[in-house]
Amino acid sequence: GCAALETLNVSQSGVTDVSALAGCATLRVLSLSSTQLTNLSALPDCANLYALDLSYCSGVTDFSALANCATLHTLDLSASGVSDVSALGACAALHTLSLAITG
């Protein structure tokens with residue numbers, strides 16, 4: 001499993017699914033930049049996620065899964081498929097949000 005995994009960078013890879021991360025309770029830093037990801041539904045199980053990079057993930061359009069990421073501090077959605085960030089209102093720890101080059 002990934003019980004002790006704290007940092008994962010799969011940027012610019014062929015990743016399309018993050019469901020394998022569902023049990024990674026210690027994951028703090030996750031970079032999925034420039035991947036083919038379309039679904040974030042596994043992320044609510046990442047209770048200690050501090051930094052998430054979803055830049056250049058144009059296939060991700062639903063960010064509601066991030067509403068349960070209470071420890072999320074830094075989020076990069078640059079050049080992503082984001083059009084509505086209202087789900088992020090519940091992210092009380094969110095300190096840095098990048099929305100550069102978004103529609």
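Is Ser55 buried or exposed in this predicted model? Ser55 is buried, with a relative accessible area of 6%. The views below start there and move on through the structure.

**View 1. Ser55 in its loop.** Ser55 sits in the loop between β3 (51-53) and β4 (74-76). Its relative accessible area of 6% is under 20%, so Ser55 counts as buried. Leaving aside residues up to four places away in sequence, Ser55 touches Ser33, Ser34, Asp76, Leu77 and Ser78.

**View 2. Leu54 and the largest nonpolar core.** The largest nonpolar core has 28 residues. Which of them touch the most other members? They are Leu40, Leu52, Leu54 and Leu66. In soluble globular proteins, nonpolar side chains tend to be buried together. Take Leu54 as the centre of this view. Its contacts include Leu32, Leu37, Leu40, Phe63, Leu66, Leu75 and Leu77. Leu54 also touches Asp76, Ser78 and Ser80. Residues up to four places away in sequence are not counted here.

**View 3. The disulfide of Cys2 and Cys24.** How many disulfides does the structure hold? It holds one. Cys2 and Cys24 form it, with their sulfur atoms 1.9 Å apart. The link of Cys2 and Cys24 is left-handed, with -105 degrees about the S-S bond. This pair links distant parts of the chain, 22 residues apart. Cys2 lies in the segment before β1 (7-9). Cys24 lies in the loop between β1 and β2 (29-31). Cys2 has 18% relative accessibility and counts as buried. Cys24 is buried too, at a relative accessible area of 1%.

View 4. A disulfide needs sulfur atoms within 2.5 Å. For Cys91, the closest is the one in Cys69. Cys69 is buried, with a relative accessible area of 0%. Cys91 is also buried, with a relative accessible area of 5%.

**View 5. A nonpolar patch on the surface.** Which residues form this patch? They are Val85, Leu97 and Leu99. Together they have about 200 Å² of accessible area. Leu99 lies in the segment after β5 (96-98). Is Leu99 buried or partly exposed? Leu99 has a relative accessible area of 34%, which makes this residue partly exposed.

View 6. Most residues other than glycine have a negative phi. Gln12 has a phi near 55 degrees, a positive value in a residue other than glycine. Where does Gln12 lie? Gln12 lies in the loop between β1 and β2. Gln12 is exposed, with a relative accessible area of 69%. Tyr56 also has a positive phi, near 60 degrees. Tyr56 lies in the loop between β3 and β4. Its relative accessible area is 48%, so Tyr56 is partly exposed.

Note on methods. Residues numbered from 1 in each chain as written. Predicted model: local features only at pLDDT ≥ 70, side-chain atom pairs only at ≥ 80, totals over all residues. Heavy atoms only, no water. Helix = DSSP H or I, 4+ residues; strand = E, 2+ residues; numbered from the N terminus. Buried < 20%, exposed > 50% of the residue type's maximum accessible area, 1.4 Å probe, protein only. Contact = heavy atoms within 4.5 Å. Core = buried A, V, L, I, M, F, W, Y, C linked by side-chain atoms within 4.5 Å. Patch = residues over 30% accessible without salt bridge, like charges linked within 9 Å, V, L, I, M, F, W, Y side chains within 5 Å. Areas by Shrake-Rupley, 256 points an atom, 1.4 Å probe, with all protein chains shown as cover. Salt bridge = Lys/Arg side-chain N within 4 Å of Asp/Glu carboxyl O.
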